[in-house]
Amino acid sequence: MEVQGMDVQPATDRRTMSGVEHIDLVERYAAHNYHPLPVVVSSARGVWVEDADGRRFMDMLAAYSAVNFGHGNEEILDVAREQLSRVTLTSRAFHNDQLGPFCKALAELCGMEAVLPMNTGAEAVETAIKTARKWGYKKKGVAEGKAKIICCDGNFHGRTTTIVSFSTDPQCRDGFGPFTPGFEIVEYGNIEALAAAIDDDTVAFLAEPIQGEAGIIVPPEGYLQQVRDLCTERGILFIADEIQSGLGRCGTTFCVDLEGVRPDIFILGKALGAGIVPLSAVVSSREILSVFTPGDHGSTFGGNPLAAAVGRKVVDVLAAGTYQARAKELGDYLFQKLGTLETDAIKEIRGRGLWVGIEMEKEAGTASQYCKKLLKRGLLCKDTHEQVIRLAPPLVITREEIDWAFERLEEVLTQPLN
Ligand SMILES: *Cc1c(COP(=O)(O)O)cnc(C)c1O
């Protein structure tokens with residue numbers, strides 16, 4: 001697809017309603033649990049989306065990294081279409097011919113032995129928590145009801161009642177108690193704090209290798225290796241939530257690969273379903289996942305043949321390594337360009353691969369104000385935590401498309417908001 005900016009195209013038959021009318025319907029009939037930018041996407045290809053009024057925008061969010069392989073990736077769509085016409089859901093009451101090959105391929109990609117498929121990220125996090133607790137009771141010998149899991153401040157692991165129980169974001173918790181006990185918070189990136197928090201009842205440390213929703217927070221160099229060593233030494237599980245950081249985003253298959261580290265449990269989601277189906281997974285050793293026996297845990301849609309077929313294709317695509325290499329090379333290119341921006345409005349630029357957080361100075365305005373301005377110039381970016389603009393384009397982005405995005409970023413970030 002050629003690179004171009006916003007251009008108004010004649011309405012097609014499909015566009016019977018304008019963007020404003022769509023937004024009005026959502027305002028009236030949908031719960032207001034999101035505050036989206038005022039753009040109504042009606043189709044997308046690669047890094048480009050088109051709205052209901054025929055305007056084109058570049059997607060610099062990629063659905064929070066769920067669309068790493070691009071919108072409408074034909075290679076993956078072909079697999080989905082093929083499977084769609086065969087069989088889509090059997091439930092785990094029966095076997096299906098897609099689950100085994102998917103689990104084998106994913107376990108191998110992870111350098112692990114076994115996979116427990118779920119659907120959403122939050123479900124996989126819940127599954128990892130259940131795994132760690134049961135492992136603690138059955139294998140480590142923790143007294144019933146005492147298992148403790150250590151998490152980090154600034155974490156984001158999803159929205160279920162148990163997961164928000166250990167969120168440190170007041171808004172995530174407000175009005176949702178009573179909360180699930182059994183979690184303790186330590187400072188992210190601080191290995192001494194983790195060491196001090198581990199006791200005899202501790203079963204696991206759960207963390208994002210780079211904190212996404214917190215604003216692309218990269219821990220100090222060597223932290224992941226220290227976490228790995230400490231968890232091994234103290235006999236607790238290291239659970240890496242790679243739902244957003246994994247599957248190519250950081251220029252490596254997993255973010256932990258940046259330090260050559262393997263956790264005990266990987267939690268995967270988002271891009272695993274290529275933005276086509278919800279697909280998540282807990283990946284670990286046979287020994288750890290053997291805490292589950294039939295009837296302990298499950299999901300009607302978990303491991304369904306449509307998702308498994310898509311997931312296996314995603315794994316095949318990642319096994320080839322080209323997306324990771326792209327994310328590394330083009331990420332370096334983007335960082336180098338961003339480094340040339342001359343403005344006092346930017347406090348810090350950080351990230352890995354094609355995952356960038358641009359933190360704006362408070363005096364210069366909020367990230368959401370900048371995102372609204374970028375939207376007007378054809379760039380879809382989303383703010384996170386007040387001051388951070390997140391850039392996470394689909395990994396299919398080209399050098400020329402990065403140049404196009406950079407021109408707009410430069411224009412908006414180096415000039416006062418008004
Ligand atoms: C998005 C995300 C989740 C939750 O995934 P859902 O599919 O939205 O439930 C969990 N952990 C991390 C790190 C995420 O980025």
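Predicted model: local features only at pLDDT ≥ 70, side-chain atom pairs only at ≥ 80, totals over all residues.
Is Q211 buried or exposed, and what is its relative accessible area? Select Q211 and you will find that this residue is buried, with a relative accessible area of 4%, where buried means under 20% relative accessible area, exposed means over 50%, and partly exposed lies in between, with a 1.4 Å probe and protein chains only. Q211 lies in the loop between β7 and α9 (223-234); helices (H or I, at least four residues) and strands (E, at least two) are DSSP runs, numbered from the N terminus.

Residues are numbered from 1 along each chain as its sequence is written, and side-chain values use heavy atoms, with hydrogens and water left out.

**The ligand**

Select the ligand next, together with the residues around it, among them T120, H157, E208, D241, Q244 and K270; a residue is near a molecule if one of its heavy atoms lies within 4 Å of it. In the side chain of D241, an N or O atom is 2.7 Å from a nitrogen atom of the ligand, and a polar side-chain atom of K270 lies 2.6 Å from an oxygen atom of the ligand, where a polar contact is a pair of N or O atoms within 3.5 Å.

**Aromatic pairs**

Now turn to the rings, since the structure holds six aromatic pairs; rings of Phe, Tyr and Trp (its six-membered ring) pair if their centres lie within 6.5 Å, and planes under 30 degrees apart count as stacked, over 60 as edge-to-face and the rest as tilted. Select F205 and F238, which form a stacked pair at 6.4 Å centre to centre, with 25° between the planes. This pair links distant parts of the chain, with F205 in strand β7 (residues 202-207) and F238 in strand β8 (residues 237-241), 33 residues apart, and both F205 and F238 are buried.

**A charge over a ring**

Finally, select R173 and F179: the charged end of R173 sits over the ring of F179, 4.0 Å from its centre, a description that requires NZ of Lys or CZ of Arg to be within 6 Å of the ring centre and within 35 degrees of the ring normal.

Notes. Polar contact = N/O pair within 3.5 Å; in protein donor to acceptor, adjacent residues only side chain to side chain.
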